[in-house]
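Thanks for taking a look at this one with me.

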Amino acid sequence: DWLGDALVGSARAAARARAGDILERFGRGKLFRPFASLADRLVARELAVWTPPSEGDASAPVGFENGVIDLVYRDAADDRLVVADYKTDAVEDDDEAIARLCDRYRAQGAFYTRALRDALELDYVPRFELWLLQPGRIQEVPL
């Protein structure tokens, strides 16, 4: 069972229903076509990243920072890498609400793009996008 043993009873049923709803909405929503069009430009999915703590921060913990990048693809216009993160947040499709969501995830985008830039020794910082399932919108997040 893909949900494993961590969820039981009603929690398992609720998680399964939510996952099914998300997949169904994605499949019939506005994001499916852009996603499908990436087939020949897809670089990575679920890419684990590990980096040293942010430099210049004396209070940063000793060890590493880690995360998982949902999607990396090449932009069709300029062939540069783009980091995309899927979000299932319930958000209205208005500029003010989207701006607040971008602010909320900006640090995550900065971490992911820095990790990718450093690992691949890129001479640019990849673009960061949020793929917002609820309004079916791809939103670039300025870093």
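1. Where is the place of Pro 53? Pro 53 sits in the loop between β1 and β2. Please keep in mind, here and below, that this is a predicted model. With a relative accessible area of 18%, Pro 53 counts as buried, because the cut-off for that label is under 20%. In sequence, Pro 53 and Phe 64 are eleven residues apart, while their C-alpha atoms are 5.3 Å apart in space.

2. Next, look at Thr 51, which belongs to strand β1, residues 42-51. Its relative accessible area is 9%, so Thr 51 is buried. Beyond its neighbours within four places in sequence, Thr 51 is in contact with Phe 64, Glu 65, Phe 111, Arg 114 and Ala 115.

3. Helix α3 deserves a slow look. It runs over residues 95-120 and has a kink of about 50°, centred on Tyr 105. Just after the helix comes Glu 121, with a positive phi of about 50°.

4. Which residues of α3 are buried? They are Ala 97, Ile 98, Leu 101, Cys 102, Tyr 105, Gly 109, Phe 111, Tyr 112, Thr 113, Ala 115 and Leu 116. An α-helix has 3.6 residues a turn, so residues three or four places apart point the same way. Among the elements that cover the buried residues of α3 are β1, β2 (65-74), β3 (81-87), β4 (127-132) and β5 (137-140).

5. Now for the nonpolar cores. The largest has 21 residues, and the members that touch the most others are Val 49, Ile 69, Val 72, Val 83, Tyr 112, Phe 128 and Leu 130. At least two residues of this core come from each of β1, β2, β3, α3 and β4, and the largest share, nine residues, is supplied by α3. Apart from this core lies another, of nine residues, including Leu 31, Tyr 73, Val 82 and Leu 133.

6. Not counting residues up to four places away in sequence, Val 49 touches Glu 65, Asn 66, Gly 67, Ile 69, Phe 111, Tyr 112 and Ala 115.

7. How many aromatic pairs does a search of the whole structure find? The search finds five. One of them is formed by Phe 26 and Phe 35, an edge-to-face pair at 5.5 Å centre to centre, with 75° between the planes. Phe 35 is partly exposed, at 25% relative accessibility. Another pair joins Tyr 86 and Trp 131: the ring centres are 6.4 Å apart and the planes lie at 80°, so this pair is also edge-to-face. That pair links distant parts of the chain, with Tyr 86 in strand β3 and Trp 131 in strand β4, 45 residues apart. Tyr 86 is partly exposed, with a relative accessible area of 31%, whereas Trp 131 is buried, at 3%. Ring pairs also link Phe 26, Phe 32 and Phe 35 into a cluster.

8. Finally, two charges over rings. The charged end of Arg 80 sits over the ring of Tyr 124, 4.2 Å from the ring centre. Lys 87 lies over the face of Tyr 105, at 3.8 Å from the ring centre; Tyr 105 is also the residue on which the kink in α3 is centred.

How values were computed
Residues numbered from 1 in each chain as written. Predicted model: local features only at pLDDT ≥ 70, side-chain atom pairs only at ≥ 80, totals over all residues. Heavy atoms only, no water. Helix = DSSP H or I, 4+ residues; strand = E, 2+ residues; numbered from the N terminus. Buried < 20%, exposed > 50% of the residue type's maximum accessible area, 1.4 Å probe, protein only. Contact = heavy atoms within 4.5 Å. Bend = angle between axes of the 7 residues up to and from the residue. Core = buried A, V, L, I, M, F, W, Y, C linked by side-chain atoms within 4.5 Å. Phe/Tyr/Trp six-rings, centres within 6.5 Å; stacked < 30°, edge-to-face > 60°. Lys NZ or Arg CZ within 6 Å of the ring centre and 35° of its normal.
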